[in-house]
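Please open the structure in a viewer and keep the selection panel at hand. The stops below are arranged as a tour.

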Amino acid sequence: MTDQTFLSRARANPSFLWGAALVGLIIFAAALSTIWTPYPPEAIDIPHKLLPPSSTHWLGTDQLGHDVASQLLAGARVSILVGVIAVGIGVLFGVALGLAAASAKGLIEDAIMRLSDFAFAFPALLLAIMLTAIFGPGVVNAIIAIGIFNVPVFAKVTRAAANGVLTREYVLAARAAGKGPVAIAIEHVLPNIASTLIVQATIQFAIAVLAEVALSYLGLGAQPPLASWGRMLSEAQRLLFQAPRLAVFPGLAVVLAVLGLNLLGDGLRDLLDPRLRARR
Amino acid sequence: MALYLLQRIVLLLATLAFASIVIFAVMEVLPGNAAEVMLGASATPEAVAALAHKLGLDQSITARYFAWVSGLARGDLGLSYAYGSPIRTLILDRLAVSAPLALMAMALTSVVALAAGVTAAARRNRPSDVAIVAVSQIGLAVPNFWFAIVLVLIFSVWLRIAPAGGFPGWSAGAAPALGALILPAIALGLVQAAILTRVTRSAVIDVLNEDFIRTARAKGLSRGAILWRHALPNALTPILTIMGLQFANLIAGAIIVENVFTLPGVGNLIFQAISNRDILVVEDCVMLLAAIVIAVNFLVDVACATIDPRLRRAT
């Protein structure tokens, strides 16, 4: 597959294009918020509280006079940050475990996979709630709690994909040439399962964003004055009768971000794994 | 089948044991002594020590773990520090709200997802299929608690035809109680239906490409008979498996949605217990929810093996 054909196929894949556009928009919002927002997102301005959308405050203000548009932009930053680190934790440990399971076989493989199965059967958000409740609410603990649950997902996906690669002739040849299991895993298996891992990472990113929003909504994630979509929703819920619009914008932002990531994941799967495309 | 069942039961017990160890270990690292928290900062060290002894906190970790697990096995969940009442009664009271909510949501998910998924598969690439796929794609991106807030906005704030939250209790009669659970069940169920719709659609499409469907068509069976009597039953294995896995999400979702509607369910009990440092209640609730999820997945595995005998050889 040359880059040329990948690009031309990408241009003809609506899932990929829409997904990339939405994800690009959220990343742009997050990046923009680090250098510019219409107002400082944490600035309290009680005399101007609960203003409707206008030319001065595009999406209005909340009960403390925060500019909603600025808070939404800054909230994108928290979601992206949590997603990247939580998925990073999953990739780092999960891929290592998955590769170890596929290379070692036998008892080690069984043990790693049974642990992963257990984590799958367990309500992930429930343990995340427990962990953040015990170690205290906050973004860092939310990231760790969400990241832990990415580990078995990546372990499982890595092992399944790696098992497919390990039976190929070039791996046998590498083994015959005297390469050890670690060298084979890094030099031959990893590059060949990268596309599967990229697709999974996109999906887990979407799940991480949803989990962060849920934890922050419950008061266990981002804490004031840090702007976060989940916290905005929890505050908006108290003002549902006075200012219902406050509950609409952060929710739409979450939907667009997660929709974008899911579409991007679908698109990438079509582009990177043509065998699956034929089945859909 | 007997051997398969035995293997599965051993695995079920091992998973339950592992879950109990994880939950106990996580709660053990909770900062602060439960006795100190209960008695407050002004308590004398002697009083704290006496209460810790009464609660069994001065015993070794393994002794406490086995005391807890054997209590669970006997149905004795211990006493709540904060409420001073048996945890079993507390949980049963809350389950009277959470269990009907989860069942209503799961029923809604199944009906909507099977109908939409089979319809989409039968009309593949036609406008109705494209619409169903598009709606389910958006549904996947909607947080269930935000959908719950939107439902409150529409039905309670604007139309004023449903309560914004609260639970009248079953003593007020079945109709008002079920009425209070309808919006939460829709919020939970419809979002869950999105993923199941997609799984159903692709599973039925796979089956529709099989030879026996061509034979059924050649025999002159109606489209409906082919879809519902031949295609759907053969597509059930992946659908059931995903339903089992989704149950964990449903339970977690229920905890949050209960919070939106201020329902006095198990989720609400967990949050109260966390803020009260009522460790045993948290442990028992989380273990109960984990056990329900693990048991549901066990039943799904057995059901799949009953439907598809090939799966019995898989392990």
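A residue is called buried under 20% relative accessible area, exposed over 50%, and partly exposed in between. The model on display is predicted.

Stop 1: Select M1(B), which lies in the segment before α1 (2–28) of chain B. Because its relative accessibility is 39%, M1(B) counts as partly exposed.

**Stop 2: the nonpolar core.** Which residues have the most contacts inside the largest nonpolar core? They are W229(A), F145(B) and V204(B), in a core of 173 residues. Helix α10 (residues 223–260) of chain B gives the most to this core, contributing 18 residues. Centre the view on V204(B) and display its surroundings; apart from neighbours within four places in sequence, V204(B) is in contact with V118(B), A121(B), L227(B), A231(B), L232(B) and A235(B).

**Stop 3: between the chains.** Colour the two chains separately. On one side, 47 residues of chain B are in contact with 40 residues of chain A. The two chains bury about 3,700 Å² between them, and 81% of this area is on carbon and sulfur atoms. The count of salt bridges between chain B and chain A is 1. To find it, select R198(B) and D266(A), whose closest N and O atoms are 3.1 Å apart.

Stop 4: Select E109(A), placed in helix α4 (residues 106–121) of chain A. Is E109(A) buried or exposed? With a relative accessible area of 10%, E109(A) is buried. Leaving out neighbours within four places in sequence, the contacts of E109(A) are A101(A), A102(A), R159(A) and N163(A).

**Stop 5: backbone geometry.** Most residues other than glycine have a negative phi, and most peptide bonds are trans.

- P224(A) and P225(A): the peptide bond from P224(A) to P225(A) is cis, with omega near 5 degrees. P225(A) is in the loop between α8 (181–217) and α9 (229–238) of chain A.
- N125(B): although not a glycine, N125(B) has a positive phi of about 70 degrees. N125(B) is in the loop between α5 (87–122) and α6 (127–141) of chain B, and is exposed, at 62% relative accessible area.
- T262(B): this residue, also not a glycine, has a positive phi of about 40 degrees. T262(B) is in the loop between α10 and α11 (266–276) of chain B, and is exposed, at 53% relative accessible area.

Note on methods: Residues are numbered from 1 along each chain as its sequence is written. Chains are lettered from A and ligands numbered from 1 in the order in which they are written. This is a predicted model: local features need pLDDT of at least 70, side-chain atom pairs count only at pLDDT 80 or more; totals for chains, interfaces and linings use all residues. Side-chain values use heavy atoms; hydrogens and water are left out. A nonpolar core is a set of buried Ala, Val, Leu, Ile, Met, Phe, Trp, Tyr and Cys residues joined through side-chain atoms within 4.5 Å. Buried means under 20% relative accessible area, exposed over 50%, partly exposed in between (1.4 Å probe, protein chains only). Helices (H or I, at least four residues) and strands (E, at least two) are DSSP runs, numbered from the N terminus. Contact means heavy atoms within 4.5 Å. Buried area is the accessible area (1.4 Å probe) that two parts lose on being put together, summed over both. A salt bridge is a side-chain nitrogen of Lys or Arg within 4 Å of a carboxyl oxygen of Asp or Glu.
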